[in-house]
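Hi,

Here is the structure I promised to pass on. Have a look at it first, and my notes on what turned up follow below.

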Amino acid sequence: MSNLSSNNKRIAKNTLFLYVRMLFLMFISLYTSRVVLDKLGVEDFGIFNVVGGLAAMFTFFSSSLSNATQRFLNIELGQNNLNGAKKVFSQYFLFYCIIAIVVIVAAETIGLWFVWNKLVIPPDRVVAAVCVYQFTVLSLCVTLIGIVFNSEIVVHENMRIYSYVGIFEGVAKLAVAFLISVSPFDRLIVYGLLLLITTLTVQGYYAYYGLKHYDECQIRFIWDRALLKKTSSIVGWNMISTAVEAVNDSGVNVLLNIFFGPTVNAARAVSYQVSSAVNSFIVNFFTAVRPQLMKSYANGDRESLIKLFFNSTKFSFMLLWVLCLPIFFSINTILHMWLTEVPEYTNTFTLWILACSLVIVFNNPVWPIALAIGDLKRYVPYESCVSLMIFPLSYVALRSGCSPVIIFVIMFGVKCCYVVVVLTIINRYIHFSGYKYLRNVILPIVKVVSASSFIAYGLSKILPTTLPYIILLIFLIVSLALAVIWILGITHRQRGYLITFLKSKLSKK
């Protein structure tokens, strides 16, 4: 019981660091997007995002490598096996260096040909687009090699450093946004170059910190076939899953470019900026929760695993819902307050993307559990087959003359099916009660969504649409949504725990 309490305190502490980081970065990111869109223009902003997305396709497996690295470091350190952790670190560092070289070769041949010949880019902006592409490829390769150091920070749950570096990165990107406004050179090229310099600085610090503070961070050029064989299954199946994500993300972005041009890419990019800002709450929450999920499984603590699985799903959905609900009822005003020029389709794209984010929350705790289990060959093929339907269905719909909005409608439907599939699969391994999941997770969520939506709809019809009343509407919706969660979304015991926790913090002050 004391171990569970200690883990909860660690999660709470790390989540606090991550939320401070997130709040700071969210406002900086949204403001930076406004400045960049204004200074680059809709067309160049769209070019930057579609070219950057194409370059990212060559490192689609980076998240799978990160997941695998964290998984094996968690296992070794969880078992206090320092020598094993040293071997994992050194082997993966060398492995990622080799992969980075392969990525550069592929990006400079296949990728470069695609930029020159297939993307819809105005002739006078092709050279600038190619320069941005080159900067993005280099940035992604540096980030790829830095995965081992980033993983060390997360595995050691040192979210303080992770937060500080993230804040520095946000401030640096804000400075970049202002520098392009005074640059006498091509703003798109300068923007890509300065972002590359920012990435080099951030990843360089992560490497310095890891080498200085963690005993297992020792660069030794070893090639352990037994270790690679042991990890190849996890990495291989994980790469299949992330390849599907890359097709759905960057591939769909390329489809939008081919059928509608860079202006629609700009609308999609802005929509994902809003989604990323909102989703950063959940990402940070699961960054803190993930190590505990994996360690609970590795230690055979099934009770803590199931409890954390249920609670993290419910709380993360409700947290995201509180943020999404006011946006659903005031999206047009928010966009016009935020941006000087709002690209067409931005409001509709944003609403559908947020709806997809709410659905995918149910998968967030499933993936780290699947990684901890390690038997991905019984998990990845099914979930990938479902998820992969987004790209071909989108292509067929666009070829048939549908609006670009159809892509996000398809995405929402596929993700709903996807969640049902992954929950069914993971239940075969951890054997949680479907009835308890419905009672403890789904039912509270349904109550909160129904009640708060009804209240928000009523308020939106009563209050005028002028700016002061929209701000009041947002405040009221958030406040009443939190009240609904307090009454209908959490249990009596959870309310008691929160009251005790808050009293203890206030008494210290």
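F259 is partly exposed, with a relative accessible area of 28%. I start with F259 since its ring has a partner: F259 and Y395 form an edge-to-face pair, because their planes stand at 65°, with the ring centres 6.2 Å apart. The two residues come from distant parts of the chain, 136 residues apart, with F259 in helix α8 (residues 225-260) and Y395 in helix α14 (residues 390-399). Y395 is also partly exposed, at 37% relative accessible area. Before you read on, please keep in mind that this is a predicted model.

Across the structure there are 22 aromatic pairs. Another of them joins Y92 and Y96, and this pair is tilted, with 5.5 Å from centre to centre and 50° between the planes. Why are Y92 and Y96 separated by about one helical turn? Because they sit four residues apart in helix α3 (residues 82-117). Y92 is buried, at 3% relative accessibility, and Y96 is buried too, with a relative accessible area of 0%. To call a residue buried, its relative accessible area has to be under 20%, so Y92 at 3% qualifies.

There is a tyrosine cluster to look at as well: Y205, Y208, Y209 and Y214 are linked by ring pairs.

**Salt bridges**

As a reminder, side chains of opposite charge can pair when their charged atoms come close. The structure has three salt bridges.

Which residues are linked in a network of salt bridges? They are D44, R125 and D186. Taking the contacts one by one, R125 meets D44 at 3.0 Å, N to O. R125 is in the loop between α3 and α4 (126-145) while D44 is in helix α1 (residues 2-56), so this bridge ties together parts that are 81 residues apart in sequence. Both ends are covered: R125 is buried at 12% relative accessibility, and D44 is buried with a relative accessible area of 11%.

R125 also meets D186 in a salt bridge, at 2.9 Å from N to O. Here the link runs from the loop between α3 and α4, where R125 lies, to the loop between α6 (159-182) and α7 (187-213), where D186 lies, and the residues are 61 apart. Is D186 buried or partly exposed? D186 counts as partly exposed, at 27% relative accessibility.

The bridge between E169 and K173 has an N to O distance of 3.6 Å. Both residues belong to helix α6 and lie four residues apart, about one turn of the helix. E169 is partly exposed, with a relative accessible area of 23%, and K173 is partly exposed at 35%.

**Cysteines**

If you were wondering about disulfides, a search of the whole structure finds zero.

One more thing to find when you open the model: W486, I487, L488, L498 and I499 make a nonpolar surface patch of about 430 Å². The elements that give two or more residues to this patch are α17 (467-489) and α18 (492-508). Of these, which one gives the most? That is α17, with three residues. W486 has its place in helix α17, and W486 is partly exposed, with a relative accessible area of 34%. Patch residues need over 30% relative accessible area, so W486 at 34% clears that cut-off.

If you only have a few minutes, I would go to these spots:

- The F259 and Y395 ring pair, which links helix α8 to helix α14.
- The nonpolar patch of about 430 Å², with W486 among its residues.

Happy to go through any of this with you once you have had a look.

Cheers

Conventions:
Residues numbered from 1 in each chain as written. Predicted model: local features only at pLDDT ≥ 70, side-chain atom pairs only at ≥ 80, totals over all residues. Heavy atoms only, no water. Patch = residues over 30% accessible without salt bridge, like charges linked within 9 Å, V, L, I, M, F, W, Y side chains within 5 Å. Areas by Shrake-Rupley, 256 points an atom, 1.4 Å probe, with all protein chains shown as cover. Salt bridge = Lys/Arg side-chain N within 4 Å of Asp/Glu carboxyl O. Buried < 20%, exposed > 50% of the residue type's maximum accessible area, 1.4 Å probe, protein only. Phe/Tyr/Trp six-rings, centres within 6.5 Å; stacked < 30°, edge-to-face > 60°. Disulfide = S-S within 2.5 Å.
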